[in-house]
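Please prepare a report on the structure shown below.

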Amino acid sequence: MLFVDYSSAFNTIIPSLLTTKLEDLGLHTSLCDWISNFLTDRPHSVRVGNCASSTLTLSTGAPQGCVLSPLLYSLYTYDCTATSSSNIIVKFADDTVVMGLILHNDERAYLEEIKYLENWCQENNLLLNVSKTKELIVDCSKKQEWHYQPVRINGTTVERVDSFRYLGVHISQDLSWSRHTNSLAKKARQRLYHLRRLRDFRLPSKVLRNFYTCTIESILTGNITVRFGNSTKQDRQALQRVVRSAERITHTELPDLQTIYYKRCQTKARRIVKDPTHPNNRLFSLLRRDLRPDITVNTHPETSDITVNTHPETPDITVNTHPETSDITVNTHPETPDITVNTHAETSDITVNTHPETPDITVNTHPETSDITVNTHPETPDITVNTHPETSDITVNTHPETSDITVNTHPETSDIKVNTHPETSDITVNTHPETPDITVNTHPETPDITVNTHPETSDITRSDDHPSSPVREMLQLNSAVATHVYVWCCVLT
């Protein structure tokens with residue numbers, strides 16, 4: 001590779017020659033004349049303090065700092081192309097590189113390309129700066145026994161170097177990124193000094209983070225999609241240490257370089273795939289199914305329905321596509337292995353929770369028996385809730401200590417509360433809004449005493465010798481229903 005340097009490239013453009021090339025490119029004559037008028041007869045003078053030089057009229061070159069100058073120079077040098085298929089000329093404004101492929105120690109095509117470039121520069125009024133022009137040889141052979149001829153331009157030998165900085169990137173002879181990484185790390189560490197000074201001024205963390213993103217992260221992530229994937233582990237760690245130092249200064253969590261690299265690669269790949277005119281669009285195509293890293297396909301004739309996902313980010317998803325058992329999905333994620341979902345049409349109502357901390361929650365969603373919820377928790381197994389629309393008013397408490405309390409929530413007979421405690425079972429309270437004044441005593445020794453607390457008829461006390469009462473019959477009815485209800489526990493989350 002020959003890195004070419006020109007002496008005052010923009011100042012040596014000849015407007016008449018540029019106009020001819022623009023006409024060859026198909027630009028309109030009036031536009032070519034306007035550009036020629038813009039570049040010719042331009043007065044110049046130099047001022048230092050209060051002193052100014054005489055005016056000099058120039059008709060060559062393009063103004064420095066003008067936004068049109070790089071474009072005009074690129075059009076001026078459009079016909080500087082390689083003459084051999086083994087050579088490539090890469091141009092970015094006035095930064096030019098001649099790349100030649102040398103096979104079997106045959107350098108003739110490469111040396112002839114350089115000689116052609118030297119003649120082209122003389123014809124187009126461009127002067128090569130031999131002292132700043134450098135040659136870099138990348139030898140991919142194992143033995144590296146070839147001896148290459150030195151390049152000579154205008155009788156002067158071009159210096160051969162081990163690395164060269166081109167467009168801000170250090171290209172080394174072994175095509176490694178160590179030199180470029182060291183340069184980035186050094187430059188970024190110098191910016192950390194300014195970040196510490198801002199911290200000493202007690203600026204908010206948000207301001208410090210913005211400063212880091214603009215002045216330090218921009219350095220570390222420059223060309224990251226090209227170099228980071230091919231960098232060594234030591235080079236990546238050297239850059240990541242700068243990020244950790246910035247985190248300690250700003251007291252905030254900053255994105256690591258690996259994450260930034262993945263996101264930018266994905267973004268760039270999507271843009272290339274969506275742009276059919278991109279030169280690298282043809283390089284992107286879907287891999288065959290068996291070559292995709294996240295999908296492992298089983299082609300066994302008996303078990304071909306099993307597909308395993310080995311993607312490092314979602315390895316917990318296993319899909320069974322068997323027509324008879326396709327409803328079974330197993331979650332093997334280490335954090336949530338307790339969730340097993342059954343989607344079978346006939347038994348889809350059964351969901352099992354195997355989590356070691358909450359194994360007591362079992363939910364039955366079957367339309368016919370959805371009212372049965374079972375609580376198997378060792379500490380609260382006495383709570384069973386019946387949500388059946390026909391018998392939802394029956395709630396049974398089987399706790400050994402408080403099992404004597406039975407509550408009836410039926411809308412028609414909700415006023416009857418029965419106490420079955422062996423010691424105080426004789427007390428029955430009627431809370432009906434229309435007859436709250438009636439209190440029945442069912443004690444076996446004094447069942448004949450009935451107290452009426454109604455404000456209008458409170459003076460009437462009646463004795464009922466009948467062995468049974470509506471309250472006792474309701475209690476017996478509710479007990480009979482309760483014994484036939486499938487009693488289990490529901491814990492709503």
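## Threonine 181 and its surroundings

Threonine 181 touches Ser231, Asp235 and Leu239, leaving aside residues up to four places away in sequence; contact here means heavy atoms within 4.5 Å. This is a predicted model, in which local features need pLDDT of at least 70 and side-chain atom pairs count only at pLDDT 80 or more, while totals for chains, interfaces and linings use all residues. Residues are numbered from 1 along each chain as its sequence is written, and side-chain values use heavy atoms, with hydrogens and water left out.

Threonine 181 sits in helix H5 (residues 178–200). Helices (H or I, at least four residues) and strands (E, at least two) are DSSP runs numbered from the N terminus. Threonine 181 counts as buried because its relative accessibility is 0%; buried means under 20% relative accessible area, exposed over 50%, and partly exposed in between, with a 1.4 Å probe and protein chains only.

## Overall composition

The protein has 10 helices and 28 strands. Of its 493 residues, 28% are buried. Among contacts between residues at least 6 apart in sequence, 49% join residues at least 24 apart.

## Nonpolar cores

A nonpolar core is a set of buried Ala, Val, Leu, Ile, Met, Phe, Trp, Tyr and Cys residues joined through side-chain atoms within 4.5 Å. The largest one has 29 residues, and those with the most contacts inside it are Leu2, Tyr6, Leu18 and Ile153. At least two residues of this core come from each of strand E1 (2–4), helix H1 (15–24), helix H2 (29–39), helix H3 (68–76) and helix H4 (108–123). The most is given by H4, with five residues. Apart from this core lies another, of 21 residues, among them Leu220, Leu239, Val242 and Ile249. Leu239 is also one of the residues that threonine 181 touches.

Leucine 75, in helix H3, touches Leu18, Lys21, Leu22 and Leu25 under the exclusion of residues up to four places away. Leucine 75 counts as partly exposed because its relative accessibility is 23%.

## The largest pocket

On a 1 Å grid over the protein atoms alone, a pocket is an open set of points where a 1.4 Å probe fits, with protein on both sides within 12 Å along at least five of seven lines; lining residues have an atom within 4 Å of a point. Grid points are joined across faces, edges and corners, and a volume is the space filled by probe spheres set on the points.

The largest pocket holds about 790 Å³ of space. It is lined by 35 residues, of which Met1, Met99, Gly100, Leu101 and Val138 are the closest to its centre. Two or more lining residues come from each of strand E6 (87–92), strand E7 (95–100), strand E8 (134–136) and strand E13 (169–172). E13 has the largest share, four residues. By class the lining has 21 nonpolar, 10 polar and four charged residues. Ala, Val, Leu, Ile, Met, Phe, Trp, Tyr, Cys and Pro count as nonpolar, Asp, Glu, Lys and Arg as charged, and the others, Gly among them, as polar.

## Loop residues and cysteines

Serine 8 is in the loop between E1 and H1, and leucine 167 is in the loop between strand E12 (163–166) and E13. Serine 285 lies in the loop between helix H9 (257–274) and strand E14 (295–297). Serine 285 and valine 273 are 12 residues apart in sequence and 8.5 Å apart in space, C-alpha to C-alpha.

| Residue | Relative accessibility | Class |
|---|---|---|
| Serine 8 | 46% | partly exposed |
| Leucine 167 | 46% | partly exposed |
| Serine 285 | 63% | exposed |
| Cysteine 66 | 21% | partly exposed |
| Cysteine 265 | 23% | partly exposed |

With a disulfide taken as a pair of cysteine sulfur atoms within 2.5 Å, the count comes to zero.
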